[in-house]
Every structure is written in structure tokens, then in C-alpha cells.
Amino acid sequence: MAWTIALSLREFTYGGGLEDVSATIARAVIVQPRAFLRAAKARLGSGALHALEFMGVEFVDKPVAKRCQALRQRLNAIRGVGDPTVVEVRDQAVAFLQKGIEQCGQGRPTKRSNRRAAASRCLLAAQSRVLRTLRRAQ
């Protein structure tokens, strides 16, 4: 029930509220991936899967490697779900996260400023996908 409420909140909030809900969902997926997939299956058109790659403010000043590590943790949690009732949405989530990880890891910046620029591009790409999906859902 909590997952359904959280995913529903994403549809009706914006700005900081949307960021907070999305970040909470993204962190909680690691602990309860099957419950997330069940709720996401019921709300596929809502952009529920986009919450998986949302990083939130806690990752703003973190190196790109930390962001990629967080995405990989989410991916591993989702991959570990064997429930046959959510296989289709699981596969969609895995593909979505793999795409985010590929974009996150593009290039190997050597200077601190380059790392921050790459991290910003990764975060902006993820946020842009979330916003596009939300606009389509409206």
C-alpha cells in the first residue's frame, strides 16, 4: 500500500516534493524491490520506473562513481526479483537502469571540474527523462 501511495504522489507533486518522493522511492527500492515492482506494474503509464534513477540532493556533490554505484545497487536489487507476476516490469526496469548506468559512466574525467561536469550531466539527463515522462502522463 505504501508503494502505491508513493508512486501516486509522484503524479500530483512537483518541485521539491517530487524530488523528495522520488529520492525516497529510489532508496527504498534497494530494500523492497519486489513490492516496488508490484506497485509499478499497476502504474506503468505514470513514469514509475523513472524514480529508479533519481539521485536526489544527497548525490549533488558526490563523484560520478558514487552515483553509478547507487544505480548499480538498485539494478542488482531489481534483478534479484524472481516473482513471475512482475517479470515484464522487472525487465523494463532493468533495461531502464542499465541505460542510466551507461549514460552515467560515459567518459573518464580526470580533473575534479570534469568529474563535476560529468556528474551534473548524469543528474540532468535523469531528471530530464523524469520530467518528459511526467509531461506525457498529463
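Colleague: Is D83 buried or exposed in this predicted model?

Modeller: Buried counts as under 20% relative accessible area. D83 has 11%, so the residue is buried.

Colleague: Which side chain does D83 meet in a salt bridge?

Modeller: Look for a side-chain nitrogen of Lys or Arg within 4 Å of a carboxyl oxygen of Asp or Glu. Here the partner is R38, at 2.8 Å from N to O. D83 sits in the loop between α4 (64–79) and α5 (87–104), while R38 belongs to helix α3 (residues 33–42), so this pair ties together parts 45 residues apart in sequence. R38 itself is partly exposed, with 43% relative accessibility.

Colleague: How many salt bridges are there by that rule?

Modeller: The count is two. Besides D83 with R38, there's D91 with R90, at 3.1 Å from N to O. R90 is buried at 18% relative accessibility, whereas D91 is partly exposed at 41%.

Colleague: OK, now the greasy part. Which residues have the most contacts inside the largest nonpolar core?

Modeller: The general idea is that nonpolar side chains tend to be buried together in soluble globular proteins. In this model the largest nonpolar core has 30 residues, and I25, F36, L37, L52 and I78 have the most contacts inside it. The elements giving two or more residues to this core are α1 (2–12), α2 (15–28), α3, α4 and α5.

Colleague: And what does F36 touch?

Modeller: Leave out residues up to four places away in sequence, and F36 touches W3, L7, I25, V29, A48, L49, L52 and I78. Of those, I25, L52 and I78 are also among the residues with the most contacts inside the core.

Definitions and conventions. Residues numbered from 1 in each chain as written. Predicted model: local features only at pLDDT ≥ 70, side-chain atom pairs only at ≥ 80, totals over all residues. Heavy atoms only, no water. Helix = DSSP H or I, 4+ residues; strand = E, 2+ residues; numbered from the N terminus. Buried < 20%, exposed > 50% of the residue type's maximum accessible area, 1.4 Å probe, protein only. Core = buried A, V, L, I, M, F, W, Y, C linked by side-chain atoms within 4.5 Å. Contact = heavy atoms within 4.5 Å.
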